[in-house]
Amino acid sequence: MAKRTNGSEKNRKEPLPGVARRLWAFSGNECAWGDTRCSTRLVTEEGAWVGKIAHIIGAEHGSARHEAWDGKDVEQLRDFDNLMLLCGVHHDLIDSSVTRHGYTVEYLRAVKQKHEAKYRYTVDDIEAEFRDTVNGSRFRPATTMRRFFAWEDADQDPADEQDFLELVNRFACRVCGLTRMARQVLALVVQERTTDFELVLRRFSADRTELLSVVRELQKAEMVYLHDEEYDEDRGQLSLLSGALEGINEMWDALRGFCRDEDVDVKEILVDLDFSCLD
């Protein structure tokens, strides 16, 4: 247990069990700073952790905003509601003796809430989705794609077919990383080529905030895009993106045509993760 120089116990302790996991789950791997938005990834592409857990109300006397603590429950200082994930720059900005006075408790709580709202599935929901992907819907990769190639009726070199198979399974792995609801929305948009956001809202009996979160997940995965700019004539429509397809840009149309002609439900592939249907 951390001690002060006089031997008394420090207020500043490690986050409560499970708190760091929740902070990470609701971070979206981004610094929570939103004015102006900070796009710093908390884990870099190289795998380096550059995020820092910041206290909204400082734990120790003399630390930033410590005067806002009521002095009662020291455990509140290391609980979820008093902590936020920031990049190193913004962590130091709100704690520095030079700049801390510009950032109140109320302001930082609003920053935290606004950022986390984008990713706020409950931890139980996230874990349920993980179990669904790993256990309930076991990923079955394509192994030959003979059925797909026969349907396509294209005379390809075996080496080209193998390359195509590898690309499809790489794409399949990206689909596996989506939550089940995101996969369901993706399957619907693939099936219909483009669809209205309000229709999807009714189809899934979801609330708008939840569905917008799912759409952002699909946009981040470069699979589906929501037209929402005022000047966009397709405003309110969900359309397919090809960024996740890595060189097989026509795959959406091909997948739709294959499922139609071969009497395969696209949900078997994209929701149940059975890419062996292509074999």
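In helix α2 (residues 88-95), the residues G88, H90, H91 and I94 are buried, where buried means under 20% relative accessible area, exposed over 50% and partly exposed in between (1.4 Å probe, protein chains only). Helices (H or I, at least four residues) and strands (E, at least two) are DSSP runs, numbered from the N terminus. This is a predicted model, in which local features need pLDDT of at least 70 and side-chain atom pairs count only at pLDDT 80 or more, whereas totals for chains, interfaces and linings use all residues. Residues are numbered from 1 along each chain as its sequence is written, and side-chain values use heavy atoms, with hydrogens and water left out.

**Helices α2 and α3**
- The buried residues of α2 are covered by elements including β1 (51-55), β2 (83-87) and α3 (105-117), with contact meaning heavy atoms within 4.5 Å.
- In α3, the buried residues are V105, L108, V111, K112, H115 and E116.
- These residues cover an arc of only 130 degrees around the axis, which puts them on the same side of α3; the arc is that of the directions from the helix axis to the C-beta atoms.
- On the other side of α3, E106, Q113 and K114 are exposed.
- Among the elements covering the buried residues of α3 are α1 (19-25), β2 and α2.

**The three-stranded sheet**
- Three strands form an open sheet in the order β3-β5-β4 with antiparallel pairing, where two strands pair if DSSP finds at least two bridges between them.
- The edge strands, β3 (194-196) and β4 (224-226), each pair on one side only.
- Three bridges join β4 to the antiparallel strand β5 (residues 237-240), and Y225 stands opposite S239 in β5.
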